[in-house]
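Open your viewer and get ready to click along. Each stop gives you something to select and a short account of what is there.

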Amino acid sequence: MWSFLISLVALIAGYCIYGKVVDRIFGPDPSRKTPAITKADGVDYVPMPTWKVFLIQFLNIAGTGPIFGAIMGAKFGPSCYLWIVLGSIFAGGVHDYMTGMLSIRDGGATLPDIVGHHLGKKSRIIILGFSLILLLLVGVVFVYSPALILGDIAGFMPTEKSSIMMWVLLIFGYYIVATLLPIDKLIGKIYPVFAFALLFMAIGLCVCLFIKWPTIPEFWQGLGNRGPSVGLNGQAIFPCLFITVACGAISGFHSTQTPLMARCLKNEKLGRPIFYGAMITEGIVALIWAAVSSYFFFDGGMAEVGASSAQAPEVVTSVARSWLGIVGGILAILGVVAAPITSGDTAFRSARLTIAGFLHVDQKPIRNRFRIAIPIFIAASLLLWFNIADENGFNKIWRYFGLANQFLACVCMWMITAHFTRTRPNDFVFLLTLLPAVFLTSVCFTYVIAGDTVLNFKKFTYQLLGLGSAVIALASFLYYKYHVLPKKRKNVTNR
């Protein structure tokens, strides 16, 4: 438990100290009018109270990632805590803050437009397609996972496809309504309630942890992989841990969500508590679930709560019922169910806004929203149907989602690095995002080749190749910064 306590304090200190550093480097301007003011349209650009924007941002980015991801990541041991803390402070918080603030500076631009502005038009097209695929995957995953939890609560077996179809249809129907309505009509009213339930769950479980003070693995007992002792075989900490725990550390999905709230902030000075603060809060939620799961896996918690399996949905429902009582358990499960549902509907909303921004279609008339939303939901329905029909469909789509998630985060970190390199060539602020970008490049490349059954690399080989990809990425950046970019500036000056 001491490792958990140290990690919790470190996350809070990270917000207070490093968050201020990041904020100072970007330089928010309180006198500059935000897109919520200059582009107010009553649909997507709507000024809202700060507390409400924070809760919506937190719920948008949360989903099942910091819960399911932390539960699965806890099987690796206390190294999971370390990734949550370092990832949230030095990677995830920076990623969310910078993409949110760049969106504000670009008039509430969506991710492809931001990338296109900083990396070129070709990059914009590539990221447009990639982000739409990720948003569809997120929407489908966040229909499927809450349906499994609701099916478990109702006493159905997850393998009974007909038992979850009703929940899938109900959730999907809600998504359609939430995607089309103005952001303050439905999302602005019910999200704060769901966010409260999710935070109540986290606080309640944290209190229970301090009361029980279980004997769970500590940092000083070793950071090696404990997975084989709890049935997690064949997965190395590097790179698998860094893909498994994404939303609790750094997630590319967040960069598709920050523009939603960038269109609702009334002042640039609110960027740190909204974007960086929501990421740290999500890290705290992930940390709590990682500690609870460590007790579940390594100190007899599974027997205490009467769980029959170590699957993430059953961990959630069993722990919530046993530790928080009837009322607390209902609120906790409501938070866990609401989190992915609310992330799913904003994923589809982001997809609509991304396409509308690319095609320059005004979204104030509802007919225009319908025209763009209908093809999105048809594509999502087909993807969802094929994965429900496949017995291993959820596991497959989760793997695709995890890799796509971190790859997009990697692209965003390189984009921010390029922004700093061009706009502030004479200082070293680019290191703020360069180091996380290089690390994520290595993680994604290693994960791809580690999972390639054709090449069948051994652990040492694929990890060595992953390290090589980091070296190549860093060398390429340094060549660009110190050789290519100065020549470009010189040519512009000569003209």
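This is a predicted model: local features need pLDDT of at least 70, side-chain atom pairs count only at pLDDT 80 or more; totals for chains, interfaces and linings use all residues.

Residues are numbered from 1 along each chain as its sequence is written, and side-chain values use heavy atoms, with hydrogens and water left out.

**Whole protein.** Colour by secondary structure: you have 18 helices and 0 strands, taken as DSSP runs numbered from the N terminus (helices H or I, at least four residues; strands E, at least two). Of the 495 residues, 59% are buried, meaning under 20% relative accessible area with a 1.4 Å probe, protein chains only.

**Helix 10.** Select residues 237–244 next. This helix is largely enclosed by the rest of the structure, because 8 of its 8 residues are buried. Phe238, Pro239 and Phe242 are among them.

**Isoleucine 250.** Move on to the loop between helix 10 and helix 11 (253–262), where isoleucine 250 is found. Its relative accessible area is 0%, so isoleucine 250 counts as buried.

**Cysteines.** How many disulfides does the structure hold? There are 0, a disulfide being a pair of cysteine sulfur atoms within 2.5 Å. Show cysteine 208: its closest cysteine sulfur is that of cysteine 206, 9.4 Å away and so too far for a bond. Cysteine 444 has cysteine 410 as its closest, with 5.3 Å between the sulfurs, again too far for a bond. Both are buried: cysteine 208 at 13% and cysteine 444 at 7% relative accessibility.

**Second largest pocket.** Finish by selecting Lys39, Tyr45, Arg263, Ala356 and Gly357. The pocket holds about 320 Å³ of space, and of its 19 lining residues these five are the closest to its centre. Here a pocket is an open set of points on a 1 Å grid over the protein atoms alone where a 1.4 Å probe fits, with protein on both sides within 12 Å along at least five of seven lines; lining residues have an atom within 4 Å of a point. Helix 14 (residues 312–359) gives the most to the lining, with 3 residues.

Definitions and conventions:
Grid points are joined across faces, edges and corners, and a volume is the space filled by probe spheres set on the points. Buried means under 20% relative accessible area, exposed over 50%, partly exposed in between (1.4 Å probe, protein chains only).
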